[in-house]
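Subject: Handing over a structure, with notes

Dear colleague,

I am passing on the structure that we talked about, together with some notes to read beside it. Please open it first and keep it in view while you go through the rest.

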Amino acid sequence: MDIGIIGFGGVSKAFIKLLIDKENYLKKKNLEIKVKYIIKSNGGIYNKEGINIKELVNKDSNLTDFNFKENIDIHKIIENKDVDTLVELTSTNIETGEPGLTHIRLALENNINVVTGNKGPILLEYKKLKSIADKGGLALGIGCTTGGALPSINVGNYDIAGSEILSIEGILNGTSNYILSEMYESEVEYTDALNKAISLGIAEANYKLDVEGYDTASKTLILANVLMDGNLSIKDINIEGIDNIKKEDILDEKYRGNKIKLIGKAYKEDNEIHAYVRPEVITKEHPLYFVDNKNKGVNYSTDTLGNISIIGGASGTINAAASILRDIVNMDRGIK
């Protein structure tokens, strides 16, 4: 498999290192992956025979000191016609989806499979992109967009096949969940828990999308549109984050045996799909009660299979990179 990588943040770098770490595993799967392009915003590197990623990592373990050439971009990939898969990992923009949206569209229109962790294009234009992929018999791997390592898309697509999903309820943001767990366990104020998350590197520099609920909203909408055939946008979902929760709120529920969690939910009502994000009180009987710290979880309510829950999915760049590799391996198996 010949691939090009666009985007050069933490997940991309982790993915490059993961390909080296998983070399023997991939050989056992008879899957040879050649990285021909590594591209960032101001250029890229290219080798038509495949970049020696081991050499790159040995020279610079932080993957920072490369000679990026300005004329190597998505158009060069299209022009050269020498990859079958694009790994699109540019930064998420939930307002326009760019530049990832253009990258993905151009790749699919030019007979190139796509695997992405970029929520923006999938949130905004999933159905159009999936239509292009289906028309060309191509794969569009999006498992990384709704919880990283958590296989929420895969379970909804394949393991619940033949059943109608009536609702999807999830704890989908590791940063917010860590903060709420810290407030619960250490009995501290929101700002103290947030500062600890920042100091540990759990909360990113732009943590507002996490704590104000927008990251959860994006993932909830993707799940609704992909798995429930919804057509929702960000304006269709009511969003409330955790930034106004007080220690007293947490402790009052703790003493009752309950927890407060940031829940994203999509559900069917009167043949329409609705969605919201808000902090909710959940009891010990709730399937997501024990989803704590950075873990995430999703519960699917179905018409014939009952309730199905998945819990776990570690948060971090290596875990997100692993979900990208998971989609590639599944794509090699013929899953589109």
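Before anything else, please bear in mind that this is a predicted model, in which local features need pLDDT of at least 70 and side-chain atom pairs count only at pLDDT 80 or more, while totals for chains, interfaces and linings use all residues. Residues are numbered from 1 along each chain as its sequence is written, and side-chain values use heavy atoms, with hydrogens and water left out.

**The annotated lysines**

Lys119 touches Thr92, Thr145, Asp215, Ser218, Lys219 and Ile222, if residues up to four places away in sequence are not counted; contact here means heavy atoms within 4.5 Å. The unreviewed UniProt entry lists Lys119 under "binding site", and UniProt positions are given in the numbering used here, with feature names shortened and annotations that may be inferred rather than shown by experiment. Lys119 is placed in helix 6, residues 119-136, where helices (H or I, at least four residues) and strands (E, at least two) are DSSP runs numbered from the N terminus.

Is Lys119 buried or exposed? Its relative accessible area is 15%, so Lys119 is buried; buried means under 20% relative accessible area, exposed over 50%, and partly exposed in between, with a 1.4 Å probe and protein chains only.

Lys219, which lies in helix 11, carries the feature "active site" in the unreviewed UniProt entry. Lys219 is buried as well, at a relative accessible area of 10%, and, leaving aside neighbours within four places in sequence, Lys219 is in contact with Lys119, Thr145, Thr146, Gly147, Leu172 and Asn173. Asn173 sits in the loop between strand 7 (165-171) and helix 8 (174-186) and is buried, with a relative accessible area of 4%. Beyond four places in sequence, Asn173 touches Asp210, Asp215, Thr216, Lys219 and Lys296.

The buried residues in helix 1 are Ser12, Ala14, Phe15, Ile16, Leu18 and Leu19, and they pack against several elements, including strand 1 (2-6), strand 2 (34-40) and helix 13 (317-332).

Helix 13 has 16 residues and reaches 23 Å from its first C-alpha to its last, close to the 22 Å expected. Among its buried residues are Ala320, Ile324, Leu325 and Ile328, and what covers the buried residues of helix 13 includes helix 1, helix 2 and strand 4. Just after helix 13, Gly334 takes a positive phi of about 100°.

**Salt bridges**

How many salt bridges does the structure hold? There are 18, a salt bridge being a side-chain nitrogen of Lys or Arg within 4 Å of a carboxyl oxygen of Asp or Glu.

One of them joins Lys130 to Asp134, with the closest N and O atoms 2.7 Å apart. Because these two residues are four residues apart in helix 6, Lys130 and Asp134 are separated by about one helical turn. Lys130 is partly exposed at 22% relative accessibility, and Asp134 is partly exposed at 46%.

Another salt bridge is formed by the side chains of Lys259 and Asp292, at 2.9 Å from N to O. Lys259 lies in strand 9 (residues 259-269) and Asp292 in the loop between strand 10 (272-282) and strand 11 (296-302), so the pair ties together parts that are 33 residues apart in sequence. Lys259 is buried at 7% relative accessible area, and Asp292 also counts as buried, at 17%. Finally, salt bridges that share partners join Glu23, Lys27 and Lys54 into one network.

Best wishes

Methods: Expected span 1.5 Å × (residues − 1).
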